[in-house]
Amino acid sequence: MKSRLYPAVAAVICGMDLYLKSRVEKCVKPGEEKKLSGTPFSIRKVYNRGVAFNLLQDQPKTMRMLTTSAVAAVVAYDFILLHQKGRHLLKLGMMCMTGGALSNFVDRVTRKSSGLYRNPHPLGKVLFHYL
């Protein structure tokens with residue numbers, strides 16, 4: 001894959017993530033659980049205003065600084081990585097992570113929180129966290 005296509009992967013993932021989150025925002029109330037038709041999955045919408053387990057939720061400036069710093073570090077690493085030859089799987093993985101990180105950054109800036117869409121199904125407590 002050409003190096004210039006990798007950022008497109010991040011952009012598509014970020015865009016899809018933001019679109020799907022906007023759909024969940026419109027269709028699912030906070031704390032409500034909705035079953036996904038024809039699957040063993042359901043979605044429950046909750047918000048995380050801090051980092052893991054709502055740590056730092058009462059310090060929004062610190063959260064914005066941490067989020068901005070983390071995204072800047074990921075993008076800087078991407079820039080360096082994309083100028084190296086080979087390492088295609090790492091590049092693809094980093095673009096996936098970058099797309100999610102950028103989506104999370106948009107959430108933190110616009111909503112002051114990051115959406116968590118949890119599957120409380122007993123087969124596996126899968127947590128989908130859109131970074």
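**Which helix holds threonine 67?** Threonine 67 sits in helix α2, residues 60-82; helices here are DSSP runs of H or I with at least four residues, strands are E runs of at least two, and both are numbered from the N terminus. At 10% relative accessibility threonine 67 counts as buried (buried is under 20% relative accessible area, exposed is over 50%, partly exposed is in between, with a 1.4 Å probe and protein chains only). Skipping residues up to four places away in sequence, threonine 67 touches Phe105 and Arg108, where contact means heavy atoms within 4.5 Å.

A word on the model: this is a prediction, in which local features need pLDDT of at least 70 and side-chain atom pairs count only at pLDDT 80 or more, while totals for chains, interfaces and linings use all residues. Residues are numbered from 1 along each chain as its sequence is written, and side-chain values use heavy atoms, with hydrogens and water left out.

**Helix α3 from end to end.** The end C-alpha atoms of α3 (residues 88-110) are 33 Å apart, which agrees with the 33 Å that its 23 residues should span at 1.5 Å a residue; the expected span is 1.5 Å times one less than the number of residues. Buried residues in α3 include Met94, Met95, Gly99, Ala101 and Arg108.

**Valine 106 on α3.** Valine 106 lies in helix α3 and is partly exposed, because its relative accessible area is 31%. Leaving aside neighbours within four places in sequence, valine 106 is in contact with Leu18 and Arg111. Leucine 18 is 88 residues away along the chain, yet its C-alpha atom is separated from that of valine 106 by 8.5 Å.

**α1 against α3.** These two helices pack at an angle of about 35°, with axes 8 Å apart (axes are lines fitted to C-alpha atoms, for helices over the stretch in contact, and angles run from 0 to 180 degrees between N-to-C directions). Their contact has 12 nonpolar, 6 polar and 4 charged residues. Here Ala, Val, Leu, Ile, Met, Phe, Trp, Tyr, Cys and Pro count as nonpolar, Asp, Glu, Lys and Arg as charged, and the others, Gly among them, as polar.

**Arginine 87 in the loop between α2 and α3.** Most residues other than glycine have a negative phi. Arginine 87 has a positive one, near 55°. With a relative accessible area of 44%, arginine 87 is partly exposed.

**Confidence along the chain.** Mean pLDDT, the predictor's confidence in each residue from 0 to 100, is 80 for the chain, and 81% of residues reach 70 or more.
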